[in-house]
Structures are given as structure tokens and as C-alpha cells.
Amino acid sequence: MSTTQPIKNKKQLKKFREYYHNVDYKPRNYALIVLGLNSALRISDILSLKWDDVFDGTKYREHIILKEQKTGKEKYVALNQNAVEALELYRHSITDLNLNAFIFVSQKSPFTRISRSQAFRIVRKAATSCHLDDVEHISCHSLRKTFGYYAWQMGTPPALLMSIYNHSSYEITKRYLCIDQLEHDRVYQNLSL
């Protein structure tokens, strides 16, 4: 069984993140990936977002406030500058913005959001085109796991990540971080007692 992995290589992550901006210009797809990487939201929650959830008609909101579909828990997610810039680029490509419309609309119908399988195809195309390591282990959930991996690398305590993810146990959060032998080796190599 294939296990979803975070994108750990920083150079590959940059190429992947920028694919729909620099290579195959599609502002919707670019915003989807950037928001996914910067929010730690599940793809089902991202696809349920409407413009009014992130934009009040004049400015971007500081937080996305939603009820998680999987857990039913209310969640506040701060919108960082990267997410706002990607959403703004996408918003400017829309001719008639409806604040009650889904953000990530289908090209077939402006009233329908893209499906989870379409989101998967968007992520997988960028991963494949950028020749990511372990591309067969890259999926929409990789966006969520990548957020946690880099937050952990920056020193975010695992207990705080557990809270951000709304995980019920520390064991689940540890699996999300996909700590492998390379991380173990870095600890041994960087410690000089």
C-alpha cells in the first residue's frame, strides 16, 4: 500500500509550488497548491471554501474559520502572505467574482467545485512534471504533511502540530511528520558533545 509523503527536498518543493505559476500557468491550480501547503487543511475542507471565507469584498480575512468535515471541530487558520498572494493572483483572473461561489470551481460549471479526484490530478501533474522524488507517494494529503514537516523542521513543538492538525494522538502526528533515517542521521551528525 502506498503511503503519502511530504515533499522534503526544498528545491523540489519550490519547483512543485511554482509549477502552475512559472511553467503551466493556471492561477486556480497554483492557489490550490499554495493554500494547501500553507494551511494544513485537508483537501475536502479546501475544496469546500467559498470566496467569502477568505475575502470580504475589499480585503482578505486574517483567518479562515470553518468546521472540519472529518472531525466536525471548528478550526481557525491564519492566512499567511503566501496564501493571500496566490489567492489574489487567482482572484484577478476571475472576471465576475461571486463571494458565495466556491473558490476552486470546475471549468465545466462555475457553480460546482472541483472534485477530490481533479485536485489529485492537479497535484500529481505538478509532482510528475517536476520529477519529484517518490512521485507515486505524492497526493493532495502531501500538502498537509509538507506543512507539518517544515513546521517541525523550524522547531514547532509536535504537541502544537498535534493541535493544529486536530489529531487525537501524538502517534498520528509522528506518522504525519514521516521522520525517517535521514532525520535520525542528522541528529547524530550535528551533535558534537
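A salt bridge is a side-chain nitrogen of Lys or Arg within 4 Å of a carboxyl oxygen of Asp or Glu. The model is predicted: local features need pLDDT of at least 70, side-chain atom pairs count only at pLDDT 80 or more, and totals for chains, interfaces and linings use all residues. Residues are numbered from 1 along each chain as its sequence is written, and side-chain values use heavy atoms, with hydrogens and water left out.

**Exercise 1. Salt bridges**

Task: State how many salt bridges the model has, and describe the pairs formed by R61, E68 and D24.

Solution. 

Step 1. The rule gives a count of 8 salt bridges.

Step 2. R61 pairs with D52, with 2.8 Å from N to O. For accessibility, buried means under 20% relative accessible area, exposed over 50%, and partly exposed in between (1.4 Å probe, protein chains only). R61, at 30%, is partly exposed, and D52, at 33%, is partly exposed as well.

Step 3. E68 pairs with R42, and their closest N and O atoms are 3.4 Å apart. E68 sits in the loop between β1 and β2 (74–78) and R42 in the loop between α2 and α3, so the bridge ties together parts that are 26 residues apart in sequence. Helices (H or I, at least four residues) and strands (E, at least two) are DSSP runs, numbered from the N terminus. E68 is buried at 2% relative accessible area, and R42 is buried at 9%.

Step 4. D24 pairs with K125, the closest N and O atoms being 2.7 Å apart. This pair links distant parts of the chain, 101 residues apart: D24 is in the loop between α1 and α2, and K125 is in helix α6. D24 is buried at 17%, while K125 is partly exposed at 37%. Through shared partners, salt bridges join D24, K26 and K125 into one network.

**Exercise 2. A buried lysine**

Task: Find the nearest side chain of opposite charge to K145, and list the contacts of K145.

Solution. 

Step 1. K145 lies in helix α7. K145 is buried yet has no salt bridge.

Step 2. Lys and Arg count as positive and Asp and Glu as negative, with His and the chain ends not counted. On that basis the nearest side chain of opposite charge is D134, 12 Å away.

Step 3. Contact means heavy atoms within 4.5 Å.

**Exercise 3. Cysteines**

Task: Count the disulfides and explain why C130 is in none.

Solution. 

Step 1. A disulfide is a pair of cysteine sulfur atoms within 2.5 Å. The count is 0 disulfides.

Step 2. The closest cysteine sulfur to that of C130 belongs to C140 and is 15 Å away, too far for a bond. C130 is buried, at 6% relative accessibility.

Step 3. C178 is in no disulfide either, and its nearest cysteine sulfur, that of C140, is 16 Å away. C178 is buried at 10%.

**Exercise 4. Helix α9**

Task: Identify the buried residues of helix α9 (residues 170–177) and how they are arranged about its axis.

Solution. 

Step 1. The buried residues are T173, Y176 and L177.

Step 2. Down the axis of α9, these residues fall within an arc of 95°, so they line one face of the helix. The arc is that of the directions from the helix axis to the C-beta atoms.

Step 3. Their cover includes α7 and α8 (158–165). Just after α9, C178 takes a positive phi of about 50°.

**Exercise 5. The nonpolar core**

Task: Describe the largest nonpolar core, then the surroundings of V54 and W51.

Solution. 

Step 1. A nonpolar core is a set of buried Ala, Val, Leu, Ile, Met, Phe, Trp, Tyr and Cys residues joined through side-chain atoms within 4.5 Å. The largest has 46 residues, and those with the most contacts inside it are F16, L32, I33, V54, I64 and F104.

Step 2. Elements giving two or more residues to this core include α1 (10–23), α4 (51–54), β1 (63–67) and α5 (81–92). α2 gives the most, with 7 residues.

Step 3. Not counting residues up to four places away in sequence, V54 touches K59, Y60, R61, I64, L79, L87 and I103.

Step 4. W51 is found in helix α4 and is buried, at 1%. Leaving aside neighbours within four places in sequence, the contacts of W51 include Y60, L87, Y90, R91 and I103.
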